[in-house]
Amino acid sequence: MTDIVKEPAASEKVNLLDFDHAGLTAWCAQIGEKPFRATQLSRWLHRHVEGDFDRMTNLAKAFRAKLKDLAEVRPPVPITEKKSADGTRKWLFDVGNGNAVESVFIPEDDRGTLCISSQAGCAMGCLFCSTGKQGFNRNLTTAEIVGQLWWAERELRRDQGVTDPNDRIISNVVLMGMGEPLQNLDNVVRAINLFLDDNGYGLSRRRVTVSTSGLVRQMDKLGELAPVALAVSLHAANDELRDKLMPVNRKHPLADLMAACRRYLKVAPRDFITFEYVMLGGINDSLAQADELIRLVRREEVPCKFNLIPFNPFTQSDLRKPDREQVLAFCRRLNEAGIVTTVRKTRGDDIDAACGQLAGEVRDRTRRAERLALQKAEAAELLGRTTN
Ligand code: SF4
(Lines give C-alpha, C1' and ligand atoms only; values in the text may rest on other atoms or scores of the structure.)
Protein backbone atom coordinates (compact mmCIF):
# COMPACT_ATOMS: atom_id res chain seq x y z
CA MET A 1 0.00 0.00 0.00
CA THR A 2 1.31 3.44 -0.91
CA ASP A 3 0.49 6.47 1.20
CA ILE A 4 0.36 9.55 -1.01
CA VAL A 5 -1.10 12.06 1.49
CA LYS A 6 -1.23 15.32 -0.38
CA GLU A 7 -3.73 18.10 0.29
CA PRO A 8 -5.28 19.56 -2.86
CA ALA A 9 -4.79 23.33 -2.89
CA ALA A 10 -7.91 25.47 -3.05
CA SER A 11 -7.86 27.29 -6.35
CA GLU A 12 -9.61 30.07 -8.18
CA LYS A 13 -8.62 28.71 -11.56
CA VAL A 14 -11.05 26.90 -13.85
CA ASN A 15 -10.73 23.13 -13.55
CA LEU A 16 -10.69 21.84 -17.13
CA LEU A 17 -11.84 18.37 -16.00
CA ASP A 18 -15.23 19.94 -15.24
CA PHE A 19 -16.04 20.47 -18.93
CA ASP A 20 -17.42 18.10 -21.49
CA HIS A 21 -16.60 18.98 -25.10
CA ALA A 22 -19.48 21.46 -25.46
CA GLY A 23 -18.46 23.15 -22.20
CA LEU A 24 -14.80 23.30 -23.18
CA THR A 25 -15.71 24.81 -26.56
CA ALA A 26 -17.86 27.46 -24.85
CA TRP A 27 -15.09 28.27 -22.37
CA CYS A 28 -12.52 28.55 -25.17
CA ALA A 29 -14.87 30.96 -26.98
CA GLN A 30 -15.07 33.07 -23.81
CA ILE A 31 -11.30 33.47 -23.80
CA GLY A 32 -11.21 34.24 -27.52
CA GLU A 33 -10.14 30.82 -28.83
CA LYS A 34 -11.62 28.96 -31.81
CA PRO A 35 -13.52 25.64 -31.47
CA PHE A 36 -10.62 23.61 -32.92
CA ARG A 37 -8.52 24.70 -29.93
CA ALA A 38 -11.05 23.01 -27.65
CA THR A 39 -10.70 19.81 -29.66
CA GLN A 40 -6.90 19.93 -29.47
CA LEU A 41 -7.02 20.64 -25.76
CA SER A 42 -9.55 17.87 -25.12
CA ARG A 43 -7.28 15.36 -26.87
CA TRP A 44 -4.36 16.36 -24.68
CA LEU A 45 -6.42 16.21 -21.51
CA HIS A 46 -8.26 12.96 -22.06
CA ARG A 47 -6.52 10.97 -24.79
CA HIS A 48 -2.94 11.75 -23.77
CA VAL A 49 -4.07 12.07 -20.12
CA GLU A 50 -1.81 15.11 -19.84
CA GLY A 51 -2.10 17.76 -17.15
CA ASP A 52 0.99 19.87 -17.88
CA PHE A 53 0.26 22.64 -20.41
CA ASP A 54 3.96 22.90 -21.35
CA ARG A 55 3.83 19.37 -22.73
CA MET A 56 0.87 20.13 -25.01
CA THR A 57 3.27 20.85 -27.80
CA ASN A 58 0.88 21.49 -30.68
CA LEU A 59 -0.96 24.27 -28.83
CA ALA A 60 0.10 27.80 -29.75
CA LYS A 61 2.39 29.40 -27.17
CA ALA A 62 -0.05 32.26 -26.55
CA PHE A 63 -2.88 29.77 -25.89
CA ARG A 64 -0.69 27.83 -23.46
CA ALA A 65 0.13 31.06 -21.64
CA LYS A 66 -3.59 31.81 -21.29
CA LEU A 67 -4.24 28.31 -20.02
CA LYS A 68 -1.54 28.66 -17.36
CA ASP A 69 -3.08 31.93 -16.23
CA LEU A 70 -6.70 30.90 -16.14
CA ALA A 71 -6.99 27.13 -15.87
CA GLU A 72 -5.65 23.98 -14.34
CA VAL A 73 -6.16 20.23 -14.42
CA ARG A 74 -7.22 19.26 -10.93
CA PRO A 75 -8.29 15.63 -10.42
CA PRO A 76 -9.12 14.40 -6.92
CA VAL A 77 -5.92 13.35 -5.17
CA PRO A 78 -5.57 9.84 -3.76
CA ILE A 79 -4.96 9.46 -0.05
CA THR A 80 -4.02 5.82 -0.49
CA GLU A 81 -3.47 3.39 -3.30
CA LYS A 82 -3.55 -0.38 -2.89
CA LYS A 83 -2.48 -3.10 -5.28
CA SER A 84 -3.83 -6.62 -5.02
CA ALA A 85 -1.90 -9.75 -5.92
CA ASP A 86 -4.51 -10.41 -8.64
CA GLY A 87 -3.82 -7.03 -10.33
CA THR A 88 -6.82 -5.21 -8.85
CA ARG A 89 -6.00 -1.62 -7.85
CA LYS A 90 -7.88 0.60 -5.48
CA TRP A 91 -7.57 4.33 -4.93
CA LEU A 92 -9.12 6.23 -2.05
CA PHE A 93 -9.56 9.80 -3.28
CA ASP A 94 -9.74 12.85 -1.04
CA VAL A 95 -12.67 15.03 -2.05
CA GLY A 96 -12.25 17.57 0.74
CA ASN A 97 -13.80 18.21 4.16
CA GLY A 98 -12.96 14.74 5.44
CA ASN A 99 -14.78 13.03 2.55
CA ALA A 100 -13.22 10.29 0.48
CA VAL A 101 -14.43 8.12 -2.39
CA GLU A 102 -13.06 4.99 -3.97
CA SER A 103 -12.30 3.71 -7.43
CA VAL A 104 -11.36 0.15 -8.23
CA PHE A 105 -9.60 -1.12 -11.37
CA ILE A 106 -10.23 -4.76 -12.30
CA PRO A 107 -8.03 -6.19 -15.06
CA GLU A 108 -9.32 -9.15 -17.05
CA ASP A 109 -8.00 -10.93 -20.15
CA ASP A 110 -10.17 -9.03 -22.62
CA ARG A 111 -10.87 -5.77 -20.77
CA GLY A 112 -9.88 -3.40 -18.00
CA THR A 113 -12.81 -2.13 -15.94
CA LEU A 114 -12.78 0.88 -13.66
CA CYS A 115 -15.53 1.14 -11.06
CA ILE A 116 -16.01 4.77 -10.08
CA SER A 117 -18.02 6.71 -7.51
CA SER A 118 -20.57 9.45 -8.14
CA GLN A 119 -21.30 10.73 -4.62
CA ALA A 120 -19.50 10.97 -1.29
CA GLY A 121 -21.71 8.66 0.75
CA CYS A 122 -25.23 7.79 -0.36
CA ALA A 123 -28.72 8.76 0.73
CA MET A 124 -30.51 5.62 -0.47
CA GLY A 125 -29.98 3.64 2.74
CA CYS A 126 -29.97 0.10 1.33
CA LEU A 127 -29.89 -2.28 4.26
CA PHE A 128 -26.98 -4.41 3.03
CA CYS A 129 -24.63 -1.62 1.89
CA SER A 130 -21.70 -0.22 3.83
CA THR A 131 -21.79 3.03 1.83
CA GLY A 132 -25.47 3.43 2.65
CA LYS A 133 -24.57 3.18 6.33
CA GLN A 134 -22.33 6.25 6.03
CA GLY A 135 -25.14 8.56 5.02
CA PHE A 136 -24.99 11.18 2.31
CA ASN A 137 -22.35 13.88 2.23
CA ARG A 138 -22.47 15.48 -1.22
CA ASN A 139 -22.60 15.00 -4.97
CA LEU A 140 -19.25 14.74 -6.73
CA THR A 141 -18.49 17.38 -9.34
CA THR A 142 -17.93 16.38 -12.97
CA ALA A 143 -14.19 16.89 -12.44
CA GLU A 144 -14.23 14.55 -9.45
CA ILE A 145 -16.06 11.86 -11.44
CA VAL A 146 -13.95 12.23 -14.61
CA GLY A 147 -10.82 12.74 -12.49
CA GLN A 148 -11.07 9.20 -11.11
CA LEU A 149 -10.75 7.82 -14.65
CA TRP A 150 -8.11 10.40 -15.58
CA TRP A 151 -5.97 9.52 -12.59
CA ALA A 152 -6.36 5.75 -12.87
CA GLU A 153 -5.61 5.67 -16.63
CA ARG A 154 -2.53 7.84 -16.12
CA GLU A 155 -1.16 5.71 -13.28
CA LEU A 156 -1.79 2.45 -15.12
CA ARG A 157 -0.12 3.76 -18.28
CA ARG A 158 2.90 4.93 -16.37
CA ASP A 159 3.25 1.56 -14.65
CA GLN A 160 2.91 -0.35 -17.91
CA GLY A 161 5.02 2.05 -19.98
CA VAL A 162 2.17 2.84 -22.40
CA THR A 163 2.71 6.07 -24.35
CA ASP A 164 0.44 5.72 -27.41
CA PRO A 165 -2.73 7.75 -26.68
CA ASN A 166 -4.75 5.20 -28.66
CA ASP A 167 -3.72 2.36 -26.34
CA ARG A 168 -6.21 2.59 -23.53
CA ILE A 169 -5.80 0.41 -20.48
CA ILE A 170 -9.26 1.14 -19.11
CA SER A 171 -11.77 -0.15 -21.68
CA ASN A 172 -14.91 -0.18 -19.53
CA VAL A 173 -16.30 2.18 -16.92
CA VAL A 174 -19.00 1.23 -14.44
CA LEU A 175 -20.65 3.75 -12.14
CA MET A 176 -21.12 1.28 -9.33
CA GLY A 177 -18.89 2.73 -6.64
CA MET A 178 -20.14 4.97 -3.87
CA GLY A 179 -23.41 6.75 -4.42
CA GLU A 180 -26.56 6.61 -6.53
CA PRO A 181 -25.42 8.04 -9.91
CA LEU A 182 -28.91 9.09 -10.95
CA GLN A 183 -29.20 11.39 -7.94
CA ASN A 184 -26.31 13.33 -9.43
CA LEU A 185 -27.61 13.22 -12.97
CA ASP A 186 -26.26 16.49 -14.43
CA ASN A 187 -22.67 15.87 -13.40
CA VAL A 188 -22.88 12.18 -14.30
CA VAL A 189 -24.25 12.94 -17.78
CA ARG A 190 -21.47 15.49 -18.38
CA ALA A 191 -18.91 12.87 -17.31
CA ILE A 192 -20.51 10.24 -19.57
CA ASN A 193 -20.35 12.69 -22.50
CA LEU A 194 -16.60 12.79 -21.99
CA PHE A 195 -16.28 9.03 -21.62
CA LEU A 196 -18.04 8.61 -24.99
CA ASP A 197 -16.45 11.53 -26.86
CA ASP A 198 -13.96 10.60 -29.60
CA ASN A 199 -11.79 13.48 -28.45
CA GLY A 200 -12.30 12.36 -24.85
CA TYR A 201 -12.04 8.73 -23.75
CA GLY A 202 -13.69 7.29 -26.87
CA LEU A 203 -15.56 4.47 -25.11
CA SER A 204 -18.62 2.92 -26.75
CA ARG A 205 -22.03 3.21 -25.06
CA ARG A 206 -21.96 -0.52 -24.37
CA ARG A 207 -18.77 -0.13 -22.36
CA VAL A 208 -20.13 2.47 -19.96
CA THR A 209 -22.60 1.18 -17.38
CA VAL A 210 -24.67 3.15 -14.93
CA SER A 211 -26.01 1.26 -11.95
CA THR A 212 -29.15 2.49 -10.20
CA SER A 213 -31.17 1.44 -7.21
CA GLY A 214 -34.27 2.17 -9.30
CA LEU A 215 -34.98 5.90 -9.58
CA VAL A 216 -37.65 5.65 -12.20
CA ARG A 217 -37.91 9.22 -13.46
CA GLN A 218 -34.15 9.65 -13.63
CA MET A 219 -33.86 6.39 -15.61
CA ASP A 220 -36.08 7.99 -18.25
CA LYS A 221 -33.90 11.09 -18.17
CA LEU A 222 -30.71 9.07 -18.58
CA GLY A 223 -32.31 7.33 -21.56
CA GLU A 224 -32.98 10.74 -23.12
CA LEU A 225 -29.63 12.33 -22.37
CA ALA A 226 -26.99 9.59 -22.37
CA PRO A 227 -28.33 6.10 -23.04
CA VAL A 228 -25.53 3.83 -21.88
CA ALA A 229 -25.75 0.27 -20.53
CA LEU A 230 -27.93 0.03 -17.43
CA ALA A 231 -27.65 -2.14 -14.35
CA VAL A 232 -30.51 -2.14 -11.86
CA SER A 233 -30.12 -3.27 -8.27
CA LEU A 234 -33.05 -5.63 -7.78
CA HIS A 235 -32.25 -7.79 -4.75
CA ALA A 236 -35.81 -9.03 -4.21
CA ALA A 237 -38.63 -10.48 -6.30
CA ASN A 238 -41.52 -8.90 -4.43
CA ASP A 239 -42.36 -5.50 -3.00
CA GLU A 240 -42.70 -6.73 0.56
CA LEU A 241 -39.06 -7.80 0.80
CA ARG A 242 -37.69 -5.07 -1.48
CA ASP A 243 -39.39 -2.40 0.65
CA LYS A 244 -37.33 -3.65 3.57
CA LEU A 245 -34.02 -4.03 1.78
CA MET A 246 -34.22 -0.86 -0.30
CA PRO A 247 -36.23 2.14 0.92
CA VAL A 248 -36.42 3.42 -2.71
CA ASN A 249 -38.92 0.65 -3.41
CA ARG A 250 -41.54 2.30 -1.18
CA LYS A 251 -41.59 5.18 -3.65
CA HIS A 252 -40.97 3.27 -6.87
CA PRO A 253 -42.35 -0.26 -6.48
CA LEU A 254 -41.41 -3.15 -8.75
CA ALA A 255 -44.18 -2.66 -11.33
CA ASP A 256 -43.04 0.96 -11.89
CA LEU A 257 -39.40 -0.11 -12.00
CA MET A 258 -40.08 -2.84 -14.56
CA ALA A 259 -42.04 -0.40 -16.73
CA ALA A 260 -39.08 2.01 -16.59
CA CYS A 261 -36.75 -0.84 -17.62
CA ARG A 262 -38.95 -1.58 -20.64
CA ARG A 263 -38.89 2.10 -21.64
CA TYR A 264 -35.11 2.26 -21.19
CA LEU A 265 -34.59 -0.78 -23.40
CA LYS A 266 -36.04 1.14 -26.34
CA VAL A 267 -33.00 3.45 -26.31
CA ALA A 268 -30.36 1.28 -24.60
CA PRO A 269 -27.19 0.19 -26.43
CA ARG A 270 -27.80 -3.38 -25.25
CA ASP A 271 -30.97 -5.42 -25.63
CA PHE A 272 -31.13 -6.43 -21.99
CA ILE A 273 -31.01 -4.92 -18.51
CA THR A 274 -28.49 -6.30 -16.06
CA PHE A 275 -30.12 -7.01 -12.73
CA GLU A 276 -27.77 -6.96 -9.78
CA TYR A 277 -28.85 -9.28 -6.99
CA VAL A 278 -26.96 -9.24 -3.69
CA MET A 279 -27.48 -12.64 -2.13
CA LEU A 280 -28.15 -12.41 1.58
CA GLY A 281 -27.97 -15.66 3.52
CA GLY A 282 -31.42 -16.73 4.72
CA ILE A 283 -33.15 -13.64 3.32
CA ASN A 284 -33.37 -13.72 -0.47
CA ASP A 285 -31.40 -16.81 -1.51
CA SER A 286 -33.98 -19.63 -1.56
CA LEU A 287 -34.92 -21.52 -4.71
CA ALA A 288 -38.52 -20.45 -4.19
CA GLN A 289 -37.28 -16.86 -4.47
CA ALA A 290 -35.35 -17.74 -7.64
CA ASP A 291 -38.65 -19.05 -9.07
CA GLU A 292 -40.41 -15.86 -8.03
CA LEU A 293 -37.76 -13.83 -9.84
CA ILE A 294 -38.24 -15.88 -13.00
CA ARG A 295 -42.00 -15.28 -12.82
CA LEU A 296 -41.42 -11.56 -12.23
CA VAL A 297 -39.22 -10.93 -15.27
CA ARG A 298 -41.40 -13.12 -17.51
CA ARG A 299 -44.61 -11.45 -16.40
CA GLU A 300 -43.09 -7.99 -16.82
CA GLU A 301 -41.43 -8.93 -20.13
CA VAL A 302 -38.04 -7.43 -19.34
CA PRO A 303 -35.18 -9.09 -21.27
CA CYS A 304 -32.42 -9.34 -18.69
CA LYS A 305 -29.31 -10.94 -17.33
CA PHE A 306 -28.64 -11.50 -13.65
CA ASN A 307 -25.44 -10.86 -11.79
CA LEU A 308 -25.49 -12.55 -8.39
CA ILE A 309 -23.32 -10.93 -5.75
CA PRO A 310 -22.73 -13.02 -2.65
CA PHE A 311 -23.03 -10.62 0.30
CA ASN A 312 -19.73 -9.61 1.81
CA PRO A 313 -20.29 -9.02 5.53
CA PHE A 314 -18.92 -5.81 7.03
CA THR A 315 -18.60 -4.92 10.66
CA GLN A 316 -21.72 -2.79 11.00
CA SER A 317 -24.02 -5.42 9.57
CA ASP A 318 -25.81 -8.40 11.08
CA LEU A 319 -26.62 -9.81 7.65
CA ARG A 320 -25.10 -13.12 6.60
CA LYS A 321 -23.04 -14.39 3.72
CA PRO A 322 -25.01 -17.00 1.73
CA ASP A 323 -23.82 -20.63 1.44
CA ARG A 324 -21.75 -21.17 -1.68
CA GLU A 325 -23.87 -24.20 -2.65
CA GLN A 326 -27.04 -22.13 -2.31
CA VAL A 327 -25.63 -19.42 -4.59
CA LEU A 328 -24.71 -21.98 -7.23
CA ALA A 329 -28.12 -23.66 -7.04
CA PHE A 330 -29.85 -20.27 -7.35
CA CYS A 331 -27.68 -19.43 -10.35
CA ARG A 332 -28.44 -22.80 -11.97
CA ARG A 333 -32.17 -22.30 -11.47
CA LEU A 334 -32.15 -18.98 -13.34
CA ASN A 335 -29.92 -20.30 -16.11
CA GLU A 336 -32.16 -23.35 -16.57
CA ALA A 337 -35.07 -20.96 -17.06
CA GLY A 338 -33.13 -19.37 -19.95
CA ILE A 339 -31.98 -16.26 -18.05
CA VAL A 340 -28.24 -15.75 -18.42
CA THR A 341 -26.93 -15.53 -14.86
CA THR A 342 -23.43 -15.23 -13.49
CA VAL A 343 -21.96 -15.07 -10.02
CA ARG A 344 -19.67 -12.11 -9.48
CA LYS A 345 -16.09 -13.21 -9.00
CA THR A 346 -14.44 -11.91 -5.90
CA ARG A 347 -11.47 -9.74 -6.81
CA GLY A 348 -9.07 -7.77 -4.71
CA ASP A 349 -9.95 -9.60 -1.50
CA ASP A 350 -6.54 -8.83 -0.02
CA ILE A 351 -7.12 -5.07 -0.37
CA ASP A 352 -10.79 -4.95 0.68
CA ALA A 353 -11.84 -4.05 -2.85
CA ALA A 354 -14.59 -6.62 -3.07
CA CYS A 355 -18.14 -5.45 -3.61
CA GLY A 356 -19.81 -3.87 -0.61
CA GLN A 357 -16.49 -2.86 0.87
CA LEU A 358 -16.12 0.40 -0.95
CA ALA A 359 -14.90 3.39 0.99
CA GLY A 360 -14.40 3.48 4.63
CA GLU A 361 -13.32 6.75 6.04
CA VAL A 362 -16.01 9.20 5.12
CA ARG A 363 -17.11 11.61 7.75
CA ASP A 364 -20.82 11.40 8.30
CA ARG A 365 -23.04 14.33 9.07
CA THR A 366 -26.35 12.55 9.07
CA ARG A 367 -27.09 11.01 12.50
CA ARG A 368 -25.28 7.88 11.44
CA ALA A 369 -25.28 6.09 14.79
CA GLU A 370 -29.01 6.59 15.17
CA ARG A 371 -29.78 5.30 11.68
CA LEU A 372 -27.34 2.44 12.09
CA ALA A 373 -29.08 1.21 15.24
CA LEU A 374 -32.43 1.36 13.43
CA GLN A 375 -31.11 -0.52 10.41
CA LYS A 376 -29.48 -3.16 12.61
CA ALA A 377 -32.81 -3.72 14.34
CA GLU A 378 -34.55 -4.00 10.93
CA ALA A 379 -31.96 -6.50 9.69
CA ALA A 380 -32.28 -8.60 12.84
CA GLU A 381 -36.08 -8.57 12.58
CA LEU A 382 -35.96 -9.51 8.91
CA LEU A 383 -33.50 -12.33 9.51
CA GLY A 384 -35.61 -13.65 12.40
CA ARG A 385 -38.78 -13.59 10.30
CA THR A 386 -37.37 -15.23 7.17
CA THR A 387 -35.54 -18.03 8.98
CA ASN A 388 -38.46 -18.96 11.27
S1 SF4 B 1 -26.37 -0.06 -2.68
FE2 SF4 B 1 -25.93 1.76 -3.95
S3 SF4 B 1 -27.84 2.96 -3.81
FE4 SF4 B 1 -27.92 1.49 -2.11
S5 SF4 B 1 -27.02 2.61 -0.36
FE6 SF4 B 1 -25.35 1.48 -1.37
S7 SF4 B 1 -24.41 2.95 -2.77
FE8 SF4 B 1 -26.44 3.74 -2.22
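Helix H5 (residues 142-160) and helix H6 (residues 185-196) approach so that their axes come within 8 Å and cross at roughly 40°, in a crossing that is right-handed. This is a predicted model, in which local features need pLDDT of at least 70 and side-chain atom pairs count only at pLDDT 80 or more, while totals for chains, interfaces and linings use all residues. Residues are numbered from 1 along each chain as its sequence is written. Helices (H or I, at least four residues) and strands (E, at least two) are DSSP runs numbered from the N terminus, and the protein chain has 13 helices and 15 strands.

**Packing of H5 and H6**

- The axes are lines fitted to C-alpha atoms, for helices over the stretch in contact, and the angles run from 0 to 180 degrees between N-to-C directions.
- A crossing is left-handed if the near helix is turned anticlockwise from the far one by less than a right angle, and right-handed if clockwise; that of H5 and H6 is right-handed.
- On the H5 side Thr-142, Ile-145 and Val-146 take part, and they meet Asn-187, Val-188, Arg-190, Ala-191 and Leu-194 in H6, where contact requires C-beta atoms, placed from the backbone, to lie within 7 Å.
- The residues of this contact divide into 5 nonpolar, 2 polar and 1 charged, with Ala, Val, Leu, Ile, Met, Phe, Trp, Tyr, Cys and Pro counted as nonpolar, Asp, Glu, Lys and Arg as charged, and the others, Gly among them, as polar.

**Helix H11 (residues 287-299)**

- The 13 residues of H11 should span 18 Å at 1.5 Å a residue, and its end C-alpha atoms are 18 Å apart, which agrees; the expected span is 1.5 Å times one less than the number of residues.
- Gln-289, Ala-290, Leu-293 and Val-297 are the buried residues of H11, a residue being buried if 20 or more other C-beta atoms lie within 10 Å of its own, exposed if 12 or fewer, and partly exposed in between.
- Seen down the axis of H11, its buried residues fall within an arc of 105°, so they line one face of the helix, the arc being that of the directions from the helix axis to the C-beta atoms.
- On the other side of H11, the exposed residues are Leu-287, Ala-288, Arg-295, Arg-298 and Arg-299.
- The cover over the buried residues of H11 includes strand E14 (304-310) and helix H12 (324-336).

**Helix H12**

- For H12, 13 residues at 1.5 Å a residue should span 18 Å, and its end C-alpha atoms are 18 Å apart, which agrees.
- Val-327, Phe-330 and Leu-334 are buried in H12.
- They cover an arc of only 65° around the axis, which puts them on the same side of H12.
- The face of H12 turned away from its buried side carries the exposed residues Arg-324, Glu-325, Leu-328 and Glu-336.
- Strand E13 (273-279), H11, E14 and strand E15 (341-343) are what the buried residues of H12 pack against.
- Gly-338, whose phi is positive, near 90°, follows H12.

**Positive phi in loops**

- Most residues other than glycine have a negative phi.
- Asn-97, in the loop between strand E5 (89-94) and strand E6 (100-108), has a positive phi near 50°, and with 11 C-beta neighbours inside 10 Å it counts as exposed.
- Glu-301, in the loop between H11 and E14, has a positive phi near 55°, and with 10 C-beta neighbours inside 10 Å it counts as exposed.

**Whole chain**

- Buried residues make up 45% of the 388 residues in the protein chain.
- Of the contacts in the protein chain with a separation of 6 or more, 70% are accounted for by residues 24 or more positions apart.

How values were computed:
Two residues are in contact if their C-beta atoms, placed from the backbone, lie within 7 Å.
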